[in-house]
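I opened the model to look up how its strands pair and connect. My entries follow the display.

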Amino acid sequence: MWACGAWRGALSGAAGGRRAHSALAQLRGILEGELEGIRGAGTWKSERVITSRQGPHIHVDGVSGGILNFCANNYLGLSSHPEVIQAGLQALQEFGAGLSSVRFICGTQSIHKNLEAKLARFHQREDAILYPSCFDANAGLFEALLTPEDAVLSDELNHASIIDGIRLCKAHKYRYRHLDVADLEAKLQEAQKHRLRLVATDGAFSMDGDIAPLQEICRLASRYGALVFVDECHATGFLGPTGRGTDELLGVMDQVTIINSTLGKALGGAAGGYTTGPGPLVSLLRQRARPYLFSNSLPPAVVGCASKALDLLMDSSTIVQSMAAKTQRFRSKMQAAGFTVSGASHPICPVMLGDARLASRMADDMLKRGEGLGPRLPVGLKGGPLDGTPPPPPLTPSVSPSLSAPGHEEAQSSSLALCRPQERRGSVSHPQAPLAPMCPALSPPRHLRHRVQLPCGPQGQGPDPGADLSRAQRGGH
């Protein structure tokens, strides 16, 4: 009897093993098919390994010598600023490597509260709350704030993190055409039946560098009793006279209800995000926002770096003004060299190439020549923003240099020189034209857009941080 049972058990185990193997083989086949589809579409994302600090000039594994960096969101070049680094080291020594806890158990230190208060003062809001990233801040906001009685109205080209955050909430969802205030007004009229209405938009759109029409949005919000939410990841620190963002740039700081932004771009570039706005909202997020409640606290070194970056920014507006001047210089010089540069006066400068594969090949060619590092892939996603409907109307692919504070004029001049059509002709071929910038726009979908960012910096070495920021900003979503 025992032997019979053991035999049956062995057979059953063998059958289970075969089923498990079959399931794994099926999974592998599905995954390989998906991966092959990505390769075939020319959108494969490979990682280049940097062997140096972030900056306008970097070293990349497999490439001899230094190259210009076209990819970073290090808008103000503070990622490697000596005072920012020193502040991180000091916080590491004083407060340790981490908290090993979420905030509400035993993960809140004085530096976390100090940074939150500083961010609220910077944005002229009542309070602020820190998250591990702005993606988490967007994931936490909508679900905690909005109920099935409410409505959220979202620009169709909002960042993926806004879209995912909205998907998590139970509010009624409306999508208005990109930057189209007439369509927004129609949606607001339709949404009047709901308790709360929240208009959600990026301040600056990371793929194109265009700016949300916040003055018109706020006017409509006032007329129809709506709240305004703005994601400022690609604006905080460098847009507006003192770098407060698009609401400062457009004079509506007192009309935008909620701001989400990041510490991982202009403000030191390490990690972290935050929400700032009305005090009761921030208090509610501390009670209900799941990414806040169930994620470890930001490491002290990250908090120290971000706090010092804010200090440098709040002490002087020189760095912001320098950024604006260098952005204008790059745009005008690229246009003079024969390129079509899209977008507003934002450090993200979409250089229109007209073909997605060509953008990837051009970036690869620049890296092979040891000239510059740029993205070779689109960062958008296929499909509709909120409900799986077809993507928005097609737009032209581009490589988008983002001028992360082009420090030395030499770095910016070098980047302009390597992009000139006459100097690059023949290095990348196109079926209809000698070089991409001279091609007509082919208008593929938005998910085939490409962006590059110009060299980041500053690599300040002088004893006077003020002089450093004004003199040595190196150019660089």
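Helices (H or I, at least four residues) and strands (E, at least two) are DSSP runs, numbered from the N terminus.

This is a predicted model, in which local features need pLDDT of at least 70, side-chain atom pairs count only at pLDDT 80 or more, and totals for chains, interfaces and linings use all residues. Residues are numbered from 1 along each chain as its sequence is written, and side-chain values use heavy atoms, with hydrogens and water left out.

Next I checked the neighbours of E7. Strand E6 (residues 197–202) pairs with E7 in the parallel sense over 5 bridges; two strands count as paired if DSSP finds at least two bridges between them. Asp202 sits opposite Asp231 in E7. E7 also pairs with strand E8 (residues 258–262), in the parallel sense over 3 bridges, and there Val230 faces Ile259 in E8.

Is E7 enclosed or open? Of the 5 residues of strand E7 (residues 227–231), 4 are buried, so the strand is largely enclosed by the rest of the structure. Buried means under 20% relative accessible area (1.4 Å probe, protein chains only).

Last, I traced an open sheet of 3 strands, ordered E1-E2-E11 with mixed pairing. Its edge strands, E1 (57–58) and E11 (372–373), each pair on one side only. E1 and strand E2 (residues 67–69) pair in the antiparallel sense over 2 bridges, and His57 has Leu68 in E2 as its bridge partner.

Technical notes
Buried means under 20% relative accessible area, exposed over 50%, partly exposed in between (1.4 Å probe, protein chains only).
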